[in-house]
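Subject: Structure for you to look at

Hello,

Here is the structure I promised to pass on. Please open it first, then read my notes below.

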Amino acid sequence: MRKRAWLWALVGIVLVGGVALGAEKFVVGCDIAWAPFEWVSPKGAYLGFDLDVMRAIAILEGYEIEIRDTAFDSIIPAVVAGKVDIGASGFTITAERAEVVDFSQAYWASDQAVVVREGSGLNIVTALSGGAKVGAQRGTTGAGWVEDNLVGKGVNVTLVLYETYPEAVLDLLAGRLDAVVQDEAPSQQAVKEYAGQLVIAGVIKTYEEFGFLVAKGDPKGILPRINEGMAKLKASGAWDNLVAAYFGPSLDKIEAAWEACISILVEERDVVRYAQCLADRATK
């Protein structure tokens, strides 16, 4: 148990095992409240697809990372200010963001889902009109879509902004919202987590792509290493196994698998075997 606590502290704060003394260290800013991309387990472990991809790339490219939990709408300002080196939190690549930061190659495609309470009788139209209260996380493209396509065009809805999406989902469950608009994969995870209470009323095709981001001009030369690391993950099959592990199984199954396998990544530094272990156990 003591060893496990030490491991979780290691992977949550700094990845160091097996890295040459004096290796570069980059700070990774993540809003760790958005499963399955990043979340904190009941035991305090930082896990999720984005975080494991960052850990795996650091091993493959020979640098250290420190994962720092940061509010979503503070990550880009922190990168611009040089307080954080990499933003990894399901950031949609947009022209507006690309004016102040640079993005890696796209790694995930997403649309926006409309989540409502099961039995509410709302569909994708009625959930987003007629005086509905619609929740979204501050600074996200989900919030931007509601602002630009509903509020800005005079549709009778009220946009309610939250610091995190889990807070919005809890307000939806409590009846203080009529709908939540967020990316499809976390919406599917929320519906699974609250089975019988939430349902996806429909999907808004926004054709978004996620990317990891760094300071404009990439002064530390991080992006080529991220892109190369992603290519290595995909070529080895580790990428597909991480996708299988994180997108589909319940959170408790993923957490149990992560706990059983994480030493392969942190101590043995074997990215391929770790991803295989995680997928095998999470999908069993």
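Helix α10 passes helix α11 in a right-handed crossing. Please bear in mind that this is a predicted model.

α10 covers residues 251–266, and α11 covers residues 271–282. Their axes lie 8 Å apart, at an angle of about 160°. Angles over 145 degrees count as roughly antiparallel, so α10 and α11 are roughly antiparallel to each other.

Which residues of α10 meet α11? They are Lys 253, Ile 254, Ala 257, Trp 258, Ala 260, Cys 261, Ile 262, Ile 264 and Leu 265. On the α11 side they meet Val 271, Arg 273, Tyr 274, Cys 277, Leu 278, Arg 281 and Ala 282. The contact of α10 with α11 holds 13 nonpolar residues, three charged ones and no polar ones.

The loop between α10 and α11 holds Arg 269. Its phi is near 55°, a positive value in a residue other than glycine. Is Arg 269 buried or exposed? Arg 269 counts as buried, because its relative accessibility is 18% and the cut-off is under 20%.

Now the other helix pair. Helix α2 spans residues 49–61 and helix α8 spans residues 223–236. Their axes come within 9 Å and cross at roughly 100°. That angle falls in the range of 65 to 115 degrees, so α2 and α8 are roughly perpendicular to each other.

From α2, the contact takes in Val 53, Ala 56, Ile 57, Leu 60 and Glu 61. From α8, it takes in Arg 225, Ile 226, Glu 228, Gly 229, Met 230, Lys 232 and Leu 233. Seven residues of the contact between α2 and α8 are nonpolar, one is polar and four are charged.

Asp 218 is not a glycine, but it has a positive phi of about 45°. With 14% relative accessibility, Asp 218 counts as buried.

Next, a strand residue. Val 28 sits in strand β2 (residues 25–30). Its relative accessibility is 0%, so Val 28 counts as buried. What is Val 28 in contact with, leaving aside its neighbours within four places in sequence? The partners are Met 54, Ile 65, Glu 66, Ile 67, Arg 68, Val 84, Ile 86 and Ala 88. Gly 82 is 54 residues from Val 28 along the chain, and their C-alpha atoms are separated by 11 Å.

The loop between β2 and β3 (39–40) contains Pro 36. The peptide bond from Ala 35 to Pro 36 is cis, with omega near 5°.

Last, the chain as a whole. It has eleven helices and 13 strands. Its radius of gyration is 19 Å, close to the 19 Å that the globule rule gives for 284 residues, so the chain is as compact as a globular protein of that length. The C-alpha trace spans about 60 × 45 × 30 Å along its principal axes. Of the 284 residues, 54% count as buried. Take the contacts in the chain with a separation of 6 or more: residues 24 or more positions apart account for 76% of them.

Best wishes

Conventions. Residues are numbered from 1 along each chain as its sequence is written. This is a predicted model: local features need pLDDT of at least 70, side-chain atom pairs count only at pLDDT 80 or more; totals for chains, interfaces and linings use all residues. Side-chain values use heavy atoms; hydrogens and water are left out. Axes are lines fitted to C-alpha atoms, for helices over the stretch in contact, and angles run from 0 to 180 degrees between N-to-C directions. Helices (H or I, at least four residues) and strands (E, at least two) are DSSP runs, numbered from the N terminus. Angles under 35 degrees count as roughly parallel, over 145 as roughly antiparallel, 65 to 115 as roughly perpendicular and the rest as oblique. A crossing is left-handed if the near helix is turned anticlockwise from the far one by less than a right angle, and right-handed if clockwise. Contact means heavy atoms within 4.5 Å. Ala, Val, Leu, Ile, Met, Phe, Trp, Tyr, Cys and Pro count as nonpolar, Asp, Glu, Lys and Arg as charged, and the others, Gly among them, as polar. The radius of gyration is taken over C-alpha atoms; the globule rule is 2.2 Å times the number of residues to the power 0.38. Buried means under 20% relative accessible area, exposed over 50%, partly exposed in between (1.4 Å probe, protein chains only).
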